[in-house]
Amino acid sequence: MKTVRVAAARNPFDLLCDDIAPDKSISHRSAMFALLSDRPSRVKNYLRGEDTLATLSIVRSLGVAVEEEDEGAIRIVPPERIVEPEEILDCGNAGTAMRLFCGLLAGVEGSFVLTGDRYLRRRPMRRVVDPLRKIGAAIDGREGGNLAPLHIRGGALEPFEYHSPVDSAQVKSALILAALRAKGTCRYKENFLSRDHTERMLLGMGAELRKAEEGWIEIEPLAKPLEPLDLRIPADPSSAFFFAVAAAIVPGSVVRFTEISLNPTRIEAFRVLESMGAQVEYRIVEDRYEPIGEIRVAYGGGLRAVEVSERIPWLIDELPALAVAMAVAEGTSRVRNAAELRVKESDRIASVLTALEACGIETEEYPDGYAIRGGELRAARIDSHGDHRIAMSFAVAGLLCGMEIVDTDCVATSFPNFFDILSRITEVE
Ligand code: S3P
């Protein structure tokens, strides 16, 4: 288990970040959706993190050939038909991989076993297993199908109309992927729009997806293979956000991100940071499957407390880093309606609050969030609980006071060069 020590930053920084990790959500989807075409997809800037490499290795087991091309691009060559794999499909730490593969494979004839690391094997899968079972999928696992390893015996799927009780892009994507192989038109609805990469990418590939009344999405089953993907994956706003917080808390600092996704369902945390007093500017440069451009974040004086209880799915992954900004803001910040934090890579309400308490910050825990009373952070030894976003959030907090982070291997799941970038700002050992 690796331990990293981050020293307090001695000077303000002015950082041009053109090497933020490529978007994890889009990377997973590009490898999976390539299976829906009969021609090779070309993907530039695929995230070489453990989570998305697990997805790439799973699609290989399903018959895909992955070829390295020039400019670091990969060519994903789909098989004529998905192959019944000889081995267990290991999703590692990636909930996105496990849940989306459930939907993708439920309608494919064959036997598939999905597993993951000890953290993923504790995360709830019933949210995708139950609706898939209702339409005829045969899926089993521990605790009645809630916990991996999961066994899927793919087969024919009935058309469905499903109003999801949880606003989750993973559930939505699993059900949309299942719908593409169902026997008729399917309808899906969530109460609040979760990240919409699946809809954007599948539409771009020629799938028939329509917005219907009252937030329903209608999905037609595939009549023929889809167009292949041809894309360059933008920087991941959730990864960039760690350095956005860094600039917002280290007096006099500035950071600029290029070629970053500006998808509105992904940049809400930047807007909250702006409302707390940071200076944030956005510039759309192109629109390919989704808006892509630049974000600049500058220290704007001291931060002010904020209440966050709306549009939670648009900033769920950024809440741990935002908690660090809340910890140094003036006043008491609150996060509500965020019970989903409990079932992420760790129970992020518990892990954020334990870490903040260790840094001398007063907090209060709610079933669906927390209150954080802004104060002065002090150096501590923080356990990441195997959760990449906890490790990175508190490494950034270390810029103000120094910090020791225990168990940092998990950072490689989503942002392998995180500490390289951090070491441009301060000493990291
Ligand atoms: C993801 C969706 C989110 C997010 C996760 C990635 C995706 O999860 O937390 O990191 O790529 O679809 P939920 O959709 O379950 O909230």
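Start by selecting K172, which sits in helix α6 (residues 169-179); helices here are DSSP runs of H or I with at least four residues, strands are E runs of at least two, and both are numbered from the N terminus. This is a predicted model, where local features need pLDDT of at least 70, side-chain atom pairs count only at pLDDT 80 or more, and totals for chains, interfaces and linings use all residues. Residues are numbered from 1 along each chain as its sequence is written, and side-chain values use heavy atoms, with hydrogens and water left out.

Is K172 buried or exposed? K172 counts as buried because its relative accessibility is 0%; the cut-offs are under 20% relative accessible area for buried, over 50% for exposed and partly exposed in between, with a 1.4 Å probe and protein chains only. Now show the side chain of E199: a polar contact of 2.7 Å joins it to the side chain of K172. Such a contact is a pair of N or O atoms within 3.5 Å; within protein, one must be able to donate a hydrogen and the other to accept it, and residues adjacent in sequence count only if both atoms are side-chain atoms. Beyond four places in sequence, K172 also has Y188, L193 and I217 among its contacts, a contact being heavy atoms within 4.5 Å.

Next, go to A21, in the loop between β2 (14-17) and α1. A21 is buried too, at 3% relative accessible area. Leaving out residues up to four places away in sequence, A21 touches L47, A235, D236, S239, S414, F415 and N417.

Carry on to helix α1 (residues 24-33) and bring up α3 (residues 95-106): their axes come within 10 Å and cross at roughly 30°. Those axes are lines fitted to C-alpha atoms over the stretch in contact, with angles running from 0 to 180 degrees between N-to-C directions. To see the contact, pick H28, R29 and M32 on α1, then T96, A97, L100 and F101 on α3.

Last stop: α2 (residues 50-61), whose twelve residues reach 16 Å from first C-alpha to last, close to the 16 Å expected at 1.5 Å a residue; the expected span is 1.5 Å times one less than the number of residues. Colour its buried residues, including L56, I58 and V59. The buried residues of α2 pack against α1, β4 (65-68), β5 (74-77), β6 (89-90) and α3. Finish at G63, which follows α2 and has a positive phi near 110°.
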